[in-house]
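Dear colleague,

Please find below the structure I am handing over to you, together with its sequence.

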Amino acid sequence: MAFRLSNNLVGILNFITFLLSIPILGAGIWLSREGVTECERFLDKPVIVIGVFLMLVSLAGLIGACCRVTWLLWLYLVVMFLLIVLGIVFTIFAFAVTNKGAGEALSGKGYKEYRLGDYSNWLQKRVTSQKNWNKIKNCLADSKVCTDFHDKYLNTSASEFYQTHLSSVQSGCCKPSNDCQFMYFGPTNWTRGSAESNNPDCNLWNNNLNTLCFDCQSCKAGFIDNLRSSWKKVAIVNIVFLIFLIIVYSVGCCAFRNNRRDNYYQQQTWKP
């Protein structure tokens, strides 16, 4: 009974995982062939690798549990153990690097502003390197985040705009910093005033929709804040995933032990 319960349960769980790996692999192949933007092409290889990995691991667990292939089940358990360890390390790391940083509330404004120095050094180095930032800029342009921002608030008055709640990327990349004291004529149309500012972003601002503040420190900070929020959500989901992995690993250990016991009984039966 113990053999049937543990082995069958491992088999069912891995069969479900195998079915899930098929659309993931299909999505990766589709992105590699049909992806137009750099962001889409960037995702195709990781998605294909994840799909193939899930497919192979689930097949190993399925065959090992249902066909009583002990060495294959042992390999499956080793991979599962490594996944659990990596998951724990990633979760701790994600919470560590996203613990620092937050938007700065402005008096009389509905939106916040973001400073690059407020975030972890690790995230700053990864995002601000020229090679990485050029890719991120292309992704932001492809996503049309500032184009949509321009269209949405095109007919908004200055007083209404200042009370608007903006995302970190919109605030950092699609408008100039509040330090610049520019005059508002539209969401992406600002005129330099007489006030002087030490903020280097003020000299980088351009009303051209393809430029705006994409090279500003505030844009990098806004992107990091958005990334920080996403990583925290992923880390929370990862905790749930880890609990699931630990349960599957525990059941797999029972199936492995039962496989060895069954093989031992068979060997004893065949002895003259």
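In this predicted model, helix α6 spans residues 145-152, and its buried residues are V145, C146, F149 and H150. Viewed down the axis of α6, these buried residues fall within an arc of 135°, so they line one face of the helix. Their cover includes α5 (130-143), α7 (158-162) and α8 (168-173).

I then turned to the cysteines. The structure contains four disulfides, and three of them are described here.

Another disulfide links C180 to C202, with 2.0 Å from S to S. C180 sits in the loop between α8 and β3 (183-186), while C202 lies in helix α9 (residues 201-204), so the pair ties together parts that are 22 residues apart in sequence. C180 is buried, with a relative accessible area of 2%, and C202 is buried at 3%.

A further disulfide joins C213 and C216, with sulfur atoms 1.8 Å apart. Its S-S torsion is about -90°, so this disulfide is left-handed.

Which cysteine sulfur is closest to that of C253? It is the sulfur of C254, at 7.0 Å, which is too far for a bond. C253 is partly exposed at 28% relative accessibility, and C254 is partly exposed at 29%.

Yours sincerely

Technical notes:
Residues numbered from 1 in each chain as written. Predicted model: local features only at pLDDT ≥ 70, side-chain atom pairs only at ≥ 80, totals over all residues. Heavy atoms only, no water. Buried < 20%, exposed > 50% of the residue type's maximum accessible area, 1.4 Å probe, protein only. Helix = DSSP H or I, 4+ residues; strand = E, 2+ residues; numbered from the N terminus. Arc of directions from axis to C-beta. Contact = heavy atoms within 4.5 Å. Disulfide = S-S within 2.5 Å.
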